[in-house]
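Student: I have a protein open on my screen and would like to go through it. Can we start?

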Amino acid sequence: MATGIQTKNGKAFEYACVVALHDALIEYGSVEVEGSAQIDTARDLYKSVDLEMKESLDKAAKAAVRVINRLEPQLWNANGNEPLYLSIQPDSAGIKGDVRDVICLRKQNGWEIGFSCKHNHHAVKHSRLSDTIDFGKEWLGVPCSEEYFNKVVPLFNELRNCRDESKKAGKPMLWEEIDDKAERFYKPILNAFMKELKNISENNEDIPERLIHYLLGKNDFYKVITDDKNRTTRVEAINIMGTLNAESGSDKAITKVPLLKMPKQFYHIDLKKGSDNTVEVVCDEGWQISMRIHNASSRVEPSLKFDVQLISFPSSVYAQVEPWESYEEKLEKRVTAYAEHINSTLN
């Protein structure tokens, strides 16, 4: 199953980032990898991938560390605050609003940064909708209206009845067996969701900003995204609270990471043109969000899942695409390949 492979590679990439950090920073001072069930799981998954994937993960992680090292002097200048602790967070941290996967921490002065590690994808959240989930309260701190639940509860109850009756018959119903699932379920649920989001925004302050905070979490972080096809790693600095880019003693980062401006208003909330399962949310300051709803399981169940992606950030966001190999390394490979070609021709 593709989702399982993506999860496996994602966890393996987290471990590759920990190893890359350790290997790059150990020459500057003491570095300790904190033991945990999470680090053990990530290590086991890293060891289980094939050699080609492992090499890709290693190169992607090293590229990310090269970029972040230039931005975070506290990584390589301990300034008396040793050791540097490296750890991997449990998945439950994301539920509590911390989307960071890998943590770098100096306990002596309380400094820390985190990485959100993405293997070939940009998703930021996988939130659910159901008849019992109050997305307004959970996401924005404002409970959903009775009108919203009056619209979605019958739809989710219908799905629950389909599930329960098919189970009793000994053959759980699959989503592919439902005709026009988009028209019957996706679109009416999304229409209710969009209307409620607009109503909450019209009657409360700072809702666009609260939505971004919900999606990005409560901590600043570096989003690290591999691109295996192009053999590059993209690093984005999500600096909302201003905790990234800190000095260490007299050492400063070579580049300033700007604060991101938060949105104040929604410009557009509607279904994506030509789509029956994706909501587009466009805000001021350059923020744009895509929210695709889907059934998380092949079997019918009374809930639906969002795949949320940030389509665009403010123009001030710091982003760097780092090639896995330097120009010199690529040139050396070409020279070697050419020499091998000549030798094979002569022989």
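**Leucine 71 and onwards**

Tutor: Leaving aside neighbours within four places in sequence, leucine 71 is in contact with Tyr222, Asn245, Ala253, Thr255, Val257 and Tyr318. Keep in mind that this is a predicted model.

Student: Where does leucine 71 lie?

Tutor: Leucine 71 lies in helix H3, which covers residues 51–71.

Student: Is leucine 71 buried or exposed?

Tutor: Leucine 71 has 0% relative accessibility, so it counts as buried. The cut-off for buried is under 20% relative accessible area.

Student: How many residues apart in sequence are leucine 71 and glutamate 247?

Tutor: They are 176 residues apart in sequence. In space, their C-alpha atoms are 9.4 Å apart.

Student: OK, new topic. How many helices and strands are there in the protein?

Tutor: There are 10 helices and 13 strands. The C-alpha trace spans about 65 × 60 × 40 Å along its principal axes.

Student: And what percentage of the residues is buried?

Tutor: Of the 347 residues, 47% are buried. As for contacts with a separation of 6 or more, 67% of them are between residues 24 or more positions apart.

Student: What about the surface? How much of it belongs to carbon and sulfur atoms?

Tutor: The accessible surface is about 17,700 Å², and 48% of that belongs to carbon and sulfur atoms.

Student: How far apart are the mean positions of the positive and negative charges?

Tutor: They are 2 Å apart, for 46 positive and 54 negative charges.

Student: Now helix H7. What should its 23 residues span?

Tutor: Helix H7 runs over residues 146–168, and at 1.5 Å a residue it should span 33 Å. Its end C-alpha atoms are 32 Å apart, which agrees.

Student: Where does H7 bend?

Tutor: H7 bends by about 30° at valine 152. A proline, proline 154, follows within four residues.

Student: Which residues in H7 are buried?

Tutor: Tyr148, Phe149, Val152, Leu155, Phe156, Leu159, Cys162 and Ser166. In general, an α-helix has 3.6 residues a turn, so residues three or four places apart point the same way.

Student: What covers the buried residues of H7?

Tutor: The cover includes strand E6 (128–130), helix H6 (135–140), helix H8 (181–203) and strand E12 (303–312).

Student: And which residue with a positive phi follows H7?

Tutor: Glycine 170 follows H7, and its phi is near 85°.

Student: Which residues other than glycine have a positive phi?

Tutor: Among them are asparagine 79, with a phi of about 50°, and arginine 231, with a phi near 55°.

Student: Where are those two found?

Tutor: Asparagine 79 is in the loop between H4 and E2. Arginine 231 is in the loop between strand E7 (221–227) and strand E8 (232–238). Asparagine 79 counts as partly exposed because its relative accessibility is 48%. Arginine 231 is also partly exposed, at 32%.

Student: Back to the loop between H4 and E2. What is the place of proline 83?

Tutor: Proline 83 is in that loop, between helix H4 (73–76) and strand E2 (84–88). The peptide bond from glutamate 82 to proline 83 is cis, with omega near 0°.

Student: Last one: lysine 11. Buried or exposed?

Tutor: Lysine 11 is buried, because its relative accessible area is 18% and the cut-off is under 20%. Lysine 11 lies in helix H1, residues 2–25. Leaving aside neighbours within four places in sequence, lysine 11 is in contact with Ala42, Leu45 and Asp91.

Technical notes
Residues are numbered from 1 along each chain as its sequence is written. This is a predicted model: local features need pLDDT of at least 70, side-chain atom pairs count only at pLDDT 80 or more; totals for chains, interfaces and linings use all residues. Side-chain values use heavy atoms; hydrogens and water are left out. Buried means under 20% relative accessible area, exposed over 50%, partly exposed in between (1.4 Å probe, protein chains only). Contact means heavy atoms within 4.5 Å. Accessible areas come from the Shrake-Rupley method with a 1.4 Å probe; for residues, only the protein chains shown count as cover. Lys and Arg count as positive and Asp and Glu as negative; His and the chain ends are not counted. The place of a charge is taken as NZ of Lys, CZ of Arg, CG of Asp or CD of Glu. The expected span of a helix is 1.5 Å times one less than its number of residues. The bend at a residue is the angle between axes fitted to the seven residues ending there and the seven starting there.
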